[in-house]
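Keep the picture open while you read, and find each residue as it is named.

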Amino acid sequence: MSPYSRITGTGSYLPPRRLSNADLAAELAAGGVETSDQWIVERTGIRARHFAAPDVCSSDLGLVAARQALQAAGLQAQDIDLIIVATSTPDMVFPSTACILQNKLGAHGCPAFDVQAVCSGFIYALTVADALIRTGSARRALVVGAEVFSRILDFKDRTTCVLFGDGAGAVVLEASDRPGILASDLHADGKHVGILCVPGHVSGGNVLGDPVLKMDGKAVFKLAVAVLDEAAHAALAKVGKVASDIDWLIPHQANIRIIQSTAKKLKMSMDKVIVTLDQHGNTSAASIPLALDTAVRAGKVKAGELLMLEGVGGGFTWGAVLLQL
Ligand code: ACO
């Protein structure tokens, strides 16, 4: 057994179709829905998002991100002995997107399963993979966040459809004697189910309920800013570190005002915060690994640095992972 799990490779993928706020506003206007670049930028910080083609699923986006992460780690798909996919937009009701991805990768035999914690999904998945590696159940895990959120948006609801995008991010997590993941802190409170949900399900061959995203934006905003710095402080405290030790904050990319508020509470300058929200929108479980990979490939975030990853999402779920890259 190894004392640590460590990220040894990252990857990401955005589908090619990019819509600026102006592009989206024009499309929405055709359906009688009014919005503007100015409103979206001022309230959220989002300037553009990517939408997958109709025949492209979460596993397709995850596949490209996973291959990049494997290449960065110098591994082949067959070297992987655990696959976890965080998604709220799975390819099918079952089997899991992780099994579908495993088949596309040609990595047969290893355990593969999905984690459903909406926008906190990658934080949950990374924590589960870390635990399985540290207890000796796995040595080389692929942890993927992949979403086609455009499929569950109501394009008549301007308060939600301007916020989200599609994409995927992935990491390879390997057993290591060198410090990698140092601490995690996970939470959920199911009494807030109704403030962010897709209230539909399949029954007798029909879709029941209303399977598009519903959100009480103000309630989500309030909860997010209340819990995110607490989770970060809790993870730091587990290993005797403080916020000023963090080199980079890599938050879930939901809203620039939530990110700024969390950074302020942690007394961190925005220069130390990775922001990709402006170009990606909110890609739910994909947003943190997408931001991480973007920052790694840009040469911003480097090996040896201390990273705080944190997320919040439907459930209500939230959590943080402190790691040394
Ligand atoms: N374009 C133009 N006007 C709009 C739009 C839009 N897209 N959406 C709403 N408006 C209007 C409203 O109709 C309202 O008009 P009114 O004053 O005439 O009634 C006005 O703008 C203000 O609306 P509010 O809902 O009060 O706007 P608010 O400042 O609360 O911002 C927002 C809304 C951006 C959704 C904010 O509440 C928020 O960011 N909440 C957090 C949401 C979030 O981040 N969710 C995802 C996190 S969890 C996860 O990732 C799954």
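The report below starts with the ligand and its surroundings and then turns to some details of the backbone.

This is a predicted model, in which local features need pLDDT of at least 70 and side-chain atom pairs count only at pLDDT 80 or more, while totals for chains, interfaces and linings use all residues. Residues are numbered from 1 along each chain as its sequence is written, and side-chain values use heavy atoms, with hydrogens and water left out.

**Around the ligand**

There are 22 residues around the ligand, and T35, R43, C119, K218 and N255 come nearest. A residue counts as near if one of its heavy atoms lies within 4 Å of the molecule. By type, the shell holds ten nonpolar, seven polar and five charged residues. Here Ala, Val, Leu, Ile, Met, Phe, Trp, Tyr, Cys and Pro count as nonpolar, Asp, Glu, Lys and Arg as charged, and the others, Gly among them, as polar.

| Residue | Ligand atom | Distance |
|---|---|---|
| T35 | nitrogen | 2.6 Å |
| W39 | oxygen | 3.0 Å |
| K218 | oxygen | 2.5 Å |

Taken alone, the ligand exposes 1,000 Å², and the protein buries 75% of that. These areas come from the Shrake-Rupley method with a 1.4 Å probe.

Which elements give two or more residues to the shell around the ligand? They are helix 2 (37-44), helix 6 (158-161), helix 7 (217-238) and helix 8 (256-265). Helix 7 supplies the largest share, four residues. Helices (H or I, at least four residues) and strands (E, at least two) are DSSP runs, numbered from the N terminus. Domain 1 (4-176) and domain 2 (181-324) each give at least three residues to the shell, with bounds that come from an automatic or database domain assignment.

**Backbone details**

Most residues other than glycine have a negative phi, and most peptide bonds are trans. Now look at the exceptions here. The peptide bond from F94 to P95 is cis, with omega near 0 degrees, and P95 sits in the loop between strand 4 (82-86) and helix 4 (97-105). Another cis bond joins G315 and F316; F316 belongs to the loop between strand 14 (306-313) and strand 15 (317-324).

V118 has a positive phi, near 50 degrees, and lies in the loop between strand 5 (112-115) and helix 5 (121-134).

Notes: Polar contact = N/O pair within 3.5 Å; in protein donor to acceptor, adjacent residues only side chain to side chain.
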